[in-house]
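Here's a quick walk through one model, starting with a single residue and then moving on to a sheet. Have the viewer open and follow along.

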Amino acid sequence: MGPQPQADSDAAIEGRVLAALDALGADYQTLRIDPDHADTATFCRVHGYAAEDAGNCILVRSRGEEPRYAACVVAASRRLDVNRTVRRLLGVRKASFAPMEDAEAVTGMRSGGVTPFGLPEGLPVYVDAHLLGRERVVVGGGSRALKIVVDPEVFARAPFATVVEDLAR
């Protein structure tokens, strides 16, 4: 048996992300990048962005038989508070970072490109309030070859997102 086909092509994933941004009336720009530069530290170094302005979208899962997931958006310069804040938000006893395979399967996006825009309906999205104080925030574009530079005010009005104080430290 040969390799299984990918559920969505990068173009389809990116299209879903851009459609979600357009539906929100978001003020954004796209950046095409070398996929080898998709990981945040490399992206910031190569493209001259501060870690404070890079929003990592991290998938967290509860531990247990029926895992619960949430996407958390925090500045790359800050550390997500999984053990207290995210665990409390999910209403679970234990939570941890989801493995890359789970992140790709749950979000339908590529590692290094996961973004809060265009995620499956019903997946909780928590955004660190710290990001709203930035002028612009760069997030993934769904694939490793696309980044989105967005006005962070969109997080405060996106119906799928909850802005959380102290989501990260």
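Predicted model: local features only at pLDDT ≥ 70, side-chain atom pairs only at ≥ 80, totals over all residues.

Val 74 belongs to strand β3, which covers residues 69-75.

What does Val 74 touch, leaving out residues up to four places away in sequence? Its contacts include Ala 54, Gly 55, Asn 56 and Ile 58, along with Leu 80. Further along the chain numbering, Val 74 also touches Asp 128, Leu 131, Leu 167 and Ala 168. As for Arg 144, that residue sits 70 residues from Val 74 along the chain, and 18 Å separates the two C-alpha atoms.

Now for the sheet. Three strands make it up, in the order β1-β7-β6, and this open sheet is paired in the antiparallel sense. β1 and β6 are the edge strands, each with a single partner, so one side of each has no neighbour in the sheet. From one strand to the next, the twist averages 30 degrees.

Here are the strands of that sheet with their residue ranges:

| Strand | Residues |
|---|---|
| β1 | residues 28-32 |
| β6 | residues 137-140 |
| β7 | residues 146-150 |

Zooming in on β6 and β7, the antiparallel pairing between them runs over four bridges. If you want a pair to look at, Gly 140 stands opposite Lys 147 in β7.

And what lies across β1 and β7? That would be helix α1, made of residues 10-24, which runs at about 165 degrees to β1.

Terms used. Residues numbered from 1 in each chain as written. Heavy atoms only, no water. Pairing = 2+ DSSP bridges. Helix = DSSP H or I, 4+ residues; strand = E, 2+ residues; numbered from the N terminus. Axes fitted to C-alpha atoms, helices over the stretch in contact; angles between N-to-C directions. Contact = heavy atoms within 4.5 Å.
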